[in-house]
Amino acid sequence: MTSLSQPTWILPLASDQAALALVGGKGANLARLARAGLPVPDGFLIATPAYMAFLTANELTARIVDALPAGAPDSPDQAERASTLIRGLFDQGRIPLDLAAQILAAYANLGRPAVAVRSSATAEDLPEMSFAGQQDTYLNVVGDEALLAAVVDCWSSLWTARAINYRARNRVPHSGAALAVVVQKMVESQASGVLFTANPLTGLRTETVIDATVGLGEALVAGQVEPDHYVVDTRSGQITGRTLGAKAMSIRGRPGGGTVAVQEDQAAAQALPDAQIQALAALGRRVAELYHTPQDIEWAWANDTLYLLQARPITSLFPVPDDLAPAPLMVMFSFGAVQGMLDPVTPLGRDILREVMVAVGQLFGIPASRGPQRVLFTAGERLWANFTPVLRNPIGRRIARGAMGFLDPAAGEAITAIWQEPALQPGRRRISPHAAAQVARFLIPVVGNVLLNLLSPGRRRRAIIAHGERVLVAVQARSAAIQGDPRARLAQLARLVPQSLEEYVPRTFRVFISGVASGMASYNMLRVLSKRVAAASANGSGDWGERILQVTRGLPYNPTTEMDLALWQVAQTIQADASARRAFQAQPPAELAARYRAGALPDAAQRAFEPFMARYGARGLAEIDLGRPRWSEEPAHLMEVVAGYLQITDRHQAPDAVFARGAAAAQAIINQMAAAAQQGPHGWLKARLIRLAAGRTRMLMALRESPKFFVVRLLGIFRQDLLTIGQELAAAGELAQPDDLVYLSLSELAAFADGKPADWAALISQRRAAFQREQMRRQIPRLLLSDGRAFYAGVTSRGEGAGALTGSPVSPGSVEGRVRVVLDPRSAGLLPGEILVCRGTDPSWTPLFLTAAGLIMEVGGMMTHGAVVAREYGIPAVVGVDRATERLATGQRIALNGSNGEIRLLDEAAQPA
């Protein structure tokens with residue numbers, strides 16, 4: 001159609017040149033279907049250079065830029081105004097004559113039939129974003145003039161208000177957007193609709209779901225008709241579900257062009273016969289196999305022939321690990337949810353966490369192997385822990401739901417929903433001898449350490465902490481011994497990381513776990529004793545259930561609490577120095593951070609921060625991921641927190657005073673319990689046991705935070721070396737950015753260091769882009785099954801009335817206040833007395849706890865990080881609240897009850913979504 005000297009304006013539908021940048025997502029997908037021999041209506045593609053030629057000929061590029069909002073639209077009206085102006089420019093434009101001639105020549109070669117003219121944007125129908133419905137389609141277009149007008153209208157639809165908003169929301173630059181057009185012979189369909197090769201609601205990959213109506217599919221896509229709904233078992237091809245819709249109207253083509261709505265009476269008849277339903281499901285399976293991912297397909301049935309009109313990935317599905325088949329069924333819980341961190345994890349961060357799992361496996365007699373493992377999987381750039389062996393183990397199954405309730409109650413509810421699935425039932429009634437030996441290999445030394453810890457809690461606690469400190473000193477020394485040019489040092493570092501983890505992690509893990517177990521054992525003993533005291537009390541009640549949690553208030557020796565109080569002392573030092581105080585009151589956090597890194601803060605502030613950073617500088621947002629920046633690199637968040645602390649002028653509300661009152665309140669509860677115990681039989685013994693259990697709880701339970709603090713500082717050593725090497729390689733032009741290396745695995749780091757040929761820049765860029773896309777994902781499942789089912793919802797078992805939300809109570813007390821929804825602690829803006837609402841927290845969030853009046857999280861359980869620290873600070877907290885960051889809004893006034901998990905909306909106009 002075009003000579004080699006001419007621009008590529010027109011391509012055959014099945015062209016092997018039909019790449020995304022040239023023909024857009026829809027065009028590229030249809031071309032691939034056509035090349036695979038699948039039934040696609042014949043047609044041609046008007047490539048993106050034609051769109052650019054139209055812009056150039058009509059001098060539209062600069063005028064479009066001028067019409068657009070400077071950033072994301074502030075309101076729907078702003079996007080609508082920009083759209084109206086831009087589309088008006090397109091209406092006034094003219095297609096260049098040579099381009100129009102090529103379009104009409106291609107149309108003539110097609111036979112000048114009635115055609116469908118479809119928009120195909122370059123940022124459309126992608127695996128990560130569908131952009132479905134953002135641009136326009138024109139059906140039953142007849143004649144040269146109508147075709148050219150439809151093409152311009154398609155180009156113009158790149159600038160609908162919905163498309164402008166969608167790109168802005170998904171951080172897709174307007175400047176890179178272009179649009180191709182697909183022109184195909186019109187299919188006058190008897191029936192049409194959409195097909196999903198996986199269930200779009202549950203995620204089940206073994207179900208094909210079909211919606212069908214009579215006539216053209218436009219009525220269904222536009223939501224104007226109630227379709228038939230069919231469900232097909234993808235494996236067997238059998239129809240397993242069938243619901244007939246009213247199908248009260250249809251869209252039909254007019255003889256002279258255009259479409260018309262027709263009233264129908266089709267409620268009692270199937271739009272598609274059974275044989276065609278099964279054939280369509282089989283066709284859908286072929287398309288999914290072609291793309292290796294579940295597909296959303298538009299189809300038509302005419303003259304007893306099925307046609308594919310469009311195929312795009314089902315982007316709403318949460319991905320399943322690549323190396324997992326639907327069967328045998330596997331159950332995985334979110335590693336990030338347990339950590340209070342729902343962000344994606346960088347490739348190097350995931351690889352190192354797998355190395356940690358390999359090292360821990362040695363404690364169970366599992367040989368170290370860096371090959372394929374079945375413990376941690378990757379999906380959606382996040383880690384998922386395999387929970388299946390526990391559910392299929394007769395002993396593990398008994399404790400599974402209870403244990404998950406402590407970690408994430410919402411995941412516990414999801415496990416209940418799949419509890420009776422045959423594939424998850426234990427294969428034997430008793431634990432196997434081999435498994436028993438593995439468990440015993442781990443438990444016997446731990447139990448021995450627990451007994452020693454309980455006998456001498458103070459000395460043993462100090463020994464546990466000292467062990468971790470010695471390991472860090474040893475690893476730091478090994479790190480300092482790395483020498484050579486950047487690539488040589490990188491090769492050494494790639495070996496040092498797994499060697500250090502294998503050598504030090506197993507024993508250190510055992511030591512720390514024994515300390516954590518000792519604190520939990522003491523706390524559980526206290527709970528049991530409190531129940532007996534309540535049962536033996538004079539009136540048979542004596543509610544210690546809530547008060548027992550208060551024993552953990554003001555808990556000493558917690559490294560996270562110590563960190564927050566140390567930051568408060570930094571703020572106090574700054575408050576006492578006029579020059580430092582003025583700087584923090586007048587300058588934004590980013591400027592203060594830059595001055596700190598340059599050593600240019602006022603002397604009092606600089607000196608106050610330096611020891612804090614030496615101890616805690618390896619902490620940061622999503623700190624369990626080695627690939628994420630640390631406070632020592634990006635201290636602006638700390639500067640903002642300190643500036644917030646300076647607003648706390650009531651000494652009674654000062655964090656150290658609040659913490660001290662919490663400790664005093666805990667001791668008062670212990671005294672009350674002991675006094676109540678003394679009133680019954682053997683009271684002196686029960687009182688002594690209560691004081692013993694409570695004392696060991698307060699001495700040892702704070703070790704719960706120590707393993708994470710140890711691991712984070714260990715990762716900090718490795719990260720510092722990696723960044724130093726990355727900076728040198730970037731300066732030499734061998735990397736684009738100093739942190740590029742975190743997008744490679746350990747084995748890839750070694751290969752890169754050895755100079756093995758590969759397109760490293762392209763690989764790193766691809767992975768960085770995938771990570772950034774996943775950072776925008778808001779809904780993360782609590783539980784993910786290998787057959788694709790995903791469980792998202794939070795705690796809902798108690799139900800929710802009007803004006804109320806519910807979750808799992810984890811820190812007792814009640815408070816009323818204004819909501820502050822925070823998605824990133826680095827830009828919190830939290831004011832004293834506000835109730836912090838977030839998706840989850842890790843230790844980088846806890847400095848905000850000293851300002852917050854209460855805490856609401858979407859994930860977490862009784863023993864997750866945010867809950868533990870909230871109890872220590874004595875602020876009410878509720879976790880597992882389904883979509884809390886979406887259903888609550890900053891500024892709303894609420895009543896939060898951390899004792900029963902209820903959140904009441906006090907603003908009359910506010911109702912939970």
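Helices (H or I, at least four residues) and strands (E, at least two) are DSSP runs, numbered from the N terminus. This is a predicted model, in which local features need pLDDT of at least 70, side-chain atom pairs count only at pLDDT 80 or more, and totals for chains, interfaces and linings use all residues. Residues are numbered from 1 along each chain as its sequence is written, and side-chain values use heavy atoms, with hydrogens and water left out.

**View 1. Secondary structure of the chain.** The chain has 30 helices and 26 strands. Along its principal axes the C-alpha trace spans about 100 × 65 × 60 Å.

**View 2. Packing of helix 16 with helix 26.** Helix 16 (residues 457–480) and helix 26 (residues 706–731) pack with their axes 10 Å apart and at an angle of about 5°. Helix 16 is therefore roughly parallel to helix 26 (angles under 35 degrees count as roughly parallel). Axes are lines fitted to C-alpha atoms, for helices over the stretch in contact, and angles run from 0 to 180 degrees between N-to-C directions.

**View 3. Residues between the two helices.** The contact residues divide into eight nonpolar, four polar and three charged. Ala, Val, Leu, Ile, Met, Phe, Trp, Tyr, Cys and Pro count as nonpolar, Asp, Glu, Lys and Arg as charged, and the others, Gly among them, as polar.

Note on methods
Angles under 35 degrees count as roughly parallel, over 145 as roughly antiparallel, 65 to 115 as roughly perpendicular and the rest as oblique.
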